[in-house]
Amino acid sequence: MSHTERDKKYIWHPLTQHKTALQNVVIKCAKGSYLYDENRKAYFDGIASWYTSVYGHCHPHIVARVKRQVAQLDQIVFSGLTHPPAIELSEKLITILPSNQKKIFFSDNGSTAVEVALKMALQFHFNKGEKKTTFIAFENGFHGDTFGAMSTSGLSVYNGPFEELFIDVERVALPNGENNEDVLRVFKKIISKKRVAGFIYEPLLQGAAGMKCYDKDGLSALLKLCRQMNILAIADEVMTGFGKTGSNFASDQIPVQADIICLSKALTAGLLPMAITTCTSQIFEAFYSDDISKGFFHGHTYTANPLACSVALAGIELLLSDEIIQNRKAINKLNSAFISAIKNSKKVKNGRVCGVVVAFELYEDFQRYGSRRNELYLQFLKKGVFLRPLGNTIYVHPPYISQKQELEKVYSTIIEVCGL
Ligand SMILES: *Cc1c(COP(=O)(O)O)cnc(C)c1O
């Protein structure tokens, strides 16, 4: 039996309607910016494997580090015990995170990072004797698939069976520069009616919504209000963290600091699952007490896995290297040149560039997982480029190591396949 047939026999894939889904491509190995299938056909990883493998696959610096670590310490309980990789990673993160972030809480994926953030916010108020249980989130935001995270996600693709069980979330539109005052007004109205614990947002760039950029000043106005009203600002940087938007964190570009930051995806450079929720000392202090019940009783078995911590450390070393910093800038320039080149095409709307990410919408209407979208996806694949259009949004999030001629091939493939 082929791998494809064996896969079909037992495996239930994520985000998949198996009856209508396309056949899965079997990937045998990956190196740098390329994935290789069973016939050694190469595919450029145009979405850095869902925004994780930013330094390319199997990077020798990271592989060497994890090899060294696995021979020394694999996994231990993180309550009562601790280990150098977690300590070193925390110290390193504190030096690059926004200056008000002082505590590092580990978990294991982006959704749990968000879940932790929401629970932290709820208990922060609870510990202070205040009952605040509503969250505010943006329309079309994406924060993950566990219950709290799913509730705050506004991308209601197929959430029907669960909606009645969601936590209480109110939504505001994404500020675009023109609607900022309306958004602020709606935000104020929600605050006047409900006891709001926190506001969760993807800073600068909404990923899963279709790489949507939005207005910094509009966001800052909401964050200022949060500060005045003692509403915790939760920056979900699971996608934007670690250099995607130009700065190390998207929050670095926003003048009002978040209280809580969620990290995952590129945190571990596409090697191992791990996530981190960071917070201010003010939040930590609300849990610090002689009363045990004021502590934060949340934990996952693989919390702060030493291998994942060592990978994250090696990844941050690359992030801060001159080579990667220069290359991210070069990618940003090439992306901008690509958008300039196609923006006059009748089929292109909303061309935009944010850091290493470039996106536009095709002037054709089709469903997020519909057949036109699949047609494009297959044609990209056939031409050796792995891209996953989000509905009619075509985007590229290349690995930071991508070279000019590689990106030019991606751009020309898009132009050809989309008929621009
Ligand atoms: C991917 C993503 C998540 C969820 O992360 P998982 O590891 O898939 O659970 C949460 N928030 C944002 C902004 C994301 O892009």
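## A first look at this protein

Please keep in mind that the model is predicted. The protein holds 13 helices and 16 strands. Its radius of gyration is 21 Å, close to the 22 Å that the globule rule gives for 420 residues, so the protein is as compact as a globular protein of that length.

**Phe44 and its surroundings**

- You can find Phe44 in strand 3, which covers residues 42–45.
- Once residues up to four places away in sequence are set aside, Phe44 touches Ser33, Tyr34, Gly384, Val385, Phe386, Pro398, Pro399, Ser402, Glu406, Leu407 and Val410.
- Phe44 and Lys67 are 23 residues apart along the chain, and their C-alpha atoms are separated by 26 Å.

**The protein as a whole**

- The C-alpha trace spans about 60 × 55 × 45 Å along the principal axes of the protein.
- Of the 420 residues, 54% count as buried.
- Take the contacts between residues at least 6 apart in sequence: 70% of these join residues at least 24 apart.
- The protein exposes about 19,800 Å², and carbon and sulfur atoms supply 53% of that area.
- There are 48 positive and 40 negative side chains in the protein, and the centres of these two sets lie 3 Å apart.

**Ser111 in helix 5**

- Ser111 belongs to helix 5, which runs through residues 110–127.
- With a relative accessibility of 14%, Ser111 counts as buried, because the cut-off for that label is under 20%.
- Leaving out neighbours within four places in sequence, Ser111 is in contact with His143, Gly144, Asp145, Thr146 and Ala149.
- From Ser111 to Leu319 there are 208 residues in sequence, while the C-alpha to C-alpha distance is 23 Å.

**Two residues with positive phi**

- Ala48 is not a glycine, yet its phi is positive, near 45 degrees.
- Helix 2 (residues 48–51) is where Ala48 lies, and at 0% relative accessibility Ala48 counts as buried.
- Cys58 is not a glycine either, and its phi is positive at about 50 degrees.
- Look for Cys58 in the loop between helix 2 and helix 3, the latter covering residues 60–70.
- Cys58 is partly exposed, because its relative accessible area of 39% falls between the cut-offs of 20% and 50%.

**Cysteines and disulfides**

- How many disulfides does a search of the whole structure find? The search finds 0.
- Are Cys262 and Cys309 buried or exposed? Cys262 counts as buried at 0% relative accessibility, and Cys309 is buried with a relative accessible area of 0%.

Methods
Residues numbered from 1 in each chain as written. Predicted model: local features only at pLDDT ≥ 70, side-chain atom pairs only at ≥ 80, totals over all residues. Heavy atoms only, no water. Helix = DSSP H or I, 4+ residues; strand = E, 2+ residues; numbered from the N terminus. Rg over C-alpha atoms; globule rule 2.2 N^0.38 Å. Buried < 20%, exposed > 50% of the residue type's maximum accessible area, 1.4 Å probe, protein only. Contact = heavy atoms within 4.5 Å. Areas by Shrake-Rupley, 256 points an atom, 1.4 Å probe, with all protein chains shown as cover. Lys, Arg positive; Asp, Glu negative; His and termini not counted. Charge placed at Lys NZ, Arg CZ, Asp CG, Glu CD. Disulfide = S-S within 2.5 Å.
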